[in-house]
Amino acid sequence: MRTNAKGIALIKEFEGLRLEAYLCPAGVWTIGWGYTKGVKQGDKIDLATAERFLKEDIEEAERGVERLVKVKLNDNQFSALVSFVFNLGTGNFQKSTLLKIININPDSANVGFQLKKWVYSDGQILPGLVTRRAEEEKLYYQ
């Protein structure tokens, strides 16, 4: 499966585009739309590079969702989960109760409840993550 336009728009909206390296709220050097691999202070990129990095990261998240989810998903469910994995990583998704619930019943109302648990960074609730999880939930159930 591939992430649909709604999922890509969601990722872009919440990651935000920055062409110069910055420290994200988790203290990781980041550039483009949430790209972190090998990024260091002072790095700069152009829009074409940001698009390439985004494509790489989305494909990595897609592979994680495809490998871990054992049930059939619709396009919106898949895309919402790709946004989640893009943000939090495959390892967190793999260990989550969210994944267990999806693999039992992907249409469960409990999926939304589980998504909303992932709003913390260093023990603090981040308003941006609250909003992102709400938008992922909305897309998941569309």
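Figure 1. R133 is found in helix α7, where helices (H or I, at least four residues) and strands (E, at least two) are DSSP runs numbered from the N terminus. This is a predicted model, in which local features need pLDDT of at least 70, side-chain atom pairs count only at pLDDT 80 or more, and totals for chains, interfaces and linings use all residues. Residues are numbered from 1 along each chain as its sequence is written, and side-chain values use heavy atoms, with hydrogens and water left out. R133 is buried because its relative accessible area is 0% (buried: under 20%; exposed: over 50%; partly exposed: in between; 1.4 Å probe, protein chains only). Leaving aside neighbours within four places in sequence, R133 is in contact (heavy atoms within 4.5 Å) with F84, N87, L88, L115, K116, W118 and V119.

**Figure 2. Helix α2 and its covering elements.** Helix α2 comprises 22 residues, 47-68. Its first and last C-alpha atoms are 32 Å apart, close to the 32 Å expected at 1.5 Å a residue (1.5 Å times one less than the number of residues). Among its buried residues are F53, L54, I58, V65 and L68, together with the charged D57 and E62. The cover over the buried residues of α2 includes α1 (5-15), β1 (18-23), β2 (29-32), α3 (75-88), α4 (90-94) and α5 (97-104).

**Figure 3. E60 of helix α2 and T90.** E60 lies in helix α2 and is partly exposed, with a relative accessible area of 37%. E60 and T90 are 30 residues apart in sequence, and their C-alpha atoms are 8.7 Å apart in space.

**Figure 4. The largest nonpolar core around L81.** This core, a set of buried Ala, Val, Leu, Ile, Met, Phe, Trp, Tyr and Cys residues joined through side-chain atoms within 4.5 Å, has 33 residues. Those with the most contacts inside it are V65, V69, L73, L81, F93, L98 and I102. At least two core residues come from each of α1, α2, α3, α5, α6 (110-115) and α7. Not counting residues up to four places away in sequence, L81 touches V65, V69, L73, F93, L98, I102 and Y140.

**Figure 5. Lining of the largest pocket.** The largest pocket holds about 770 Å³ of space. A pocket is an open set of points on a 1 Å grid over the protein atoms alone, where a 1.4 Å probe fits, with protein on both sides within 12 Å along at least five of seven lines; lining residues have an atom within 4 Å of a point. Of the 27 lining residues, E15, C24, F86, N87 and L88 are the closest to the centre. Helix α3 supplies the largest share, four residues.

Definitions and conventions: Points joined across faces, edges and corners; volume = space filled by probe spheres on them.
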